Amino acid sequence: MANPLLRTKSVEQSIADTEVVGTRLKKQLTAWDLTIFGVAVVVGAGIFTIGAKTAGDLSGPAVSVSFVIAAIACGLAALCYAEFASTVPVAGSAYTFSYATFGEFAAWIIGWDLVLEFSIAAAAVASGWSSYVGTVLGTSAPVVEIGGVKVDWGAMLIVGVLTVLLTFGAKVSSRVSAVITAIKVAVVLLVIVVGAFYIKAANYTPFIPPSESGEGETGWKQSLFQFLTDGGGLSYGWYGVLAGASLVFFSFIGFDIVATSAEETRDPQRDVPRGILGSLAIVTVLYIAVTVVVTGMASYKDLATSAGNGKPKNLASAFAMNGVDWAATIISIGALAGLTTVVMVLLMGQNRVFFAMARDGLLPRQLAKTSDRGVPVRISVGVGVVVALFAGLVPLDELAELINIGTLFAFVLVSVGVVVLRKQRPDLQRGFRTPMVPLVPILSVIACGWLMVNLPLETWGRFLVWMGLGVLVYFVYSKNHSVAGKRERGETISTV
């Protein structure tokens, strides 16, 4: 009998499992639907804040170059995701891809990682949505204190509403997402067009400001790279441009969630790669346009956090400096719309990964039962309740960077997995082929590795603790309930 930690689930078996009655998702999405999901989850409030902050503190006017570098790094991983998703069009994204290449234990680890990534991301963004409600309505944030505990009922409300919406199926979710995404993209375009009239060419000089030394963070707050090199921080110059790329990279994460919908796509071999690469191309253009406008409207020195007495500057700040105060309200409306779709698509991605793991028996298999609409309602409701509680009761600021390290870890495994599956199964039909293999996957791993070492030590510590807990759960429960293990032992597979 094969080592249970290394047993793989063949691509053919993964695809066959998608047709089992009772755990079958409905195929109804198109390339357009997937592109909407990608844009919906990537374009959030960050588009109005991250560019200005990075320009002021790290990159100067060259922040647009930082975005280009980040987009290239993201694009390398996206090419790898596109090949895998077109070859293994099954729910679960990196979890499913890892099961086919590295084996069950690695798949469990990456699945456990994605559970953390999507859950915290959805809760954190819901909390941000709640704070923007207060800004748009001109009231205080929807938070009450009950028994000495602050309850963010606004965050809990949006998670609850979107959870109910998701139980109606991916197509309904796509239609709602399309409307809200259209609103936020319209706001972004309006901001770009209006802001262009206030651009001053002098603000682009020097395009790459001279390097300046800084103290950087210390202790657990310092990055792994800073800890290993015993160095301080640097702002501006080419180091600042690269450091800025590390920061703005996380504005792009989310496109990988498109891959979790592969099983619900009518023509996944064609449409999933289009959805992944198309959404990434659209958001790259939007991000670069916004950063060009914001650095043209205001001097990078005026956008620095130090210029605002420690309060980070954003796009609204640039408009205020030019006397266009009404733009702040428009930007807040765009941010609110943006965050709504981000929460929805994150919840959907979490549901599909959880569903794939439950269908494989690594989590309770009963949870994988689908409704007549082809929706895993039990998982959708369960995930919604947990995320709502996190969003409403738990301060998430200190945990947010776990999203980043979790995403990068998944990117690395998928990039390596493309090379492994090419060698293991050259016969497989691939709707999309990553160009220049193994060069592109290797570059993707290097880019993601660089970004990972720039994350704080405390993030690495929390990540390792979560992974350790996942190892414990696997050996206590998942290893013995694995469907692949039962097939190997000749046991009967129970229905759900």
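Tyr 236 is buried, with a relative accessible area of 8%. The model is predicted. Tyr 236 sits in the loop between strand 4 (233–235) and helix 10 (237–248). Its phi is positive, about 65°, although Tyr 236 is not a glycine. Most residues other than glycine have a negative phi, and most peptide bonds are trans. This report takes the exceptions in turn, then a helix and a pocket.

**Backbone exceptions**

Met 436 also has a positive phi, about 50°, and is not a glycine. Met 436 belongs to the loop between helix 16 and helix 17. Buried or exposed: which is Met 436? Met 436 counts as exposed because its relative accessibility is 57%, and the cut-off for exposed is over 50%. Tyr 236, at 8%, is buried, since buried means under 20%.

The loop that holds Met 436 also holds Pro 438. The peptide bond from Val 437 to Pro 438 is cis. Pro 438 lies between helix 16 (401–424) and helix 17 (439–453). A cis bond also runs from Thr 205 to Pro 206. Pro 206 is placed in the loop between helix 8 (170–196) and strand 3 (212–214). The table sets out the two bonds.

| Cis peptide bond | Omega |
|---|---|
| Thr 205 to Pro 206 | near -5° |
| Val 437 to Pro 438 | near 15° |

**Helix 5**

How many residues of helix 5 (residues 94–101) are buried? Eight of the eight are, so helix 5 is largely enclosed by the rest of the structure. Among these buried residues are Tyr 95, Phe 97 and Tyr 99. Ala 94, Ala 100, Thr 96, Thr 101 and Ser 98 are buried as well.

Helix 15 supplies the largest share of the lining, seven residues. By class, 15 lining residues are nonpolar, three are polar and two are charged.

Technical notes: Residues numbered from 1 in each chain as written. Predicted model: local features only at pLDDT ≥ 70, side-chain atom pairs only at ≥ 80, totals over all residues. Heavy atoms only, no water. Helix = DSSP H or I, 4+ residues; strand = E, 2+ residues; numbered from the N terminus. Buried < 20%, exposed > 50% of the residue type's maximum accessible area, 1.4 Å probe, protein only. Nonpolar A, V, L, I, M, F, W, Y, C, P; charged D, E, K, R; others polar.
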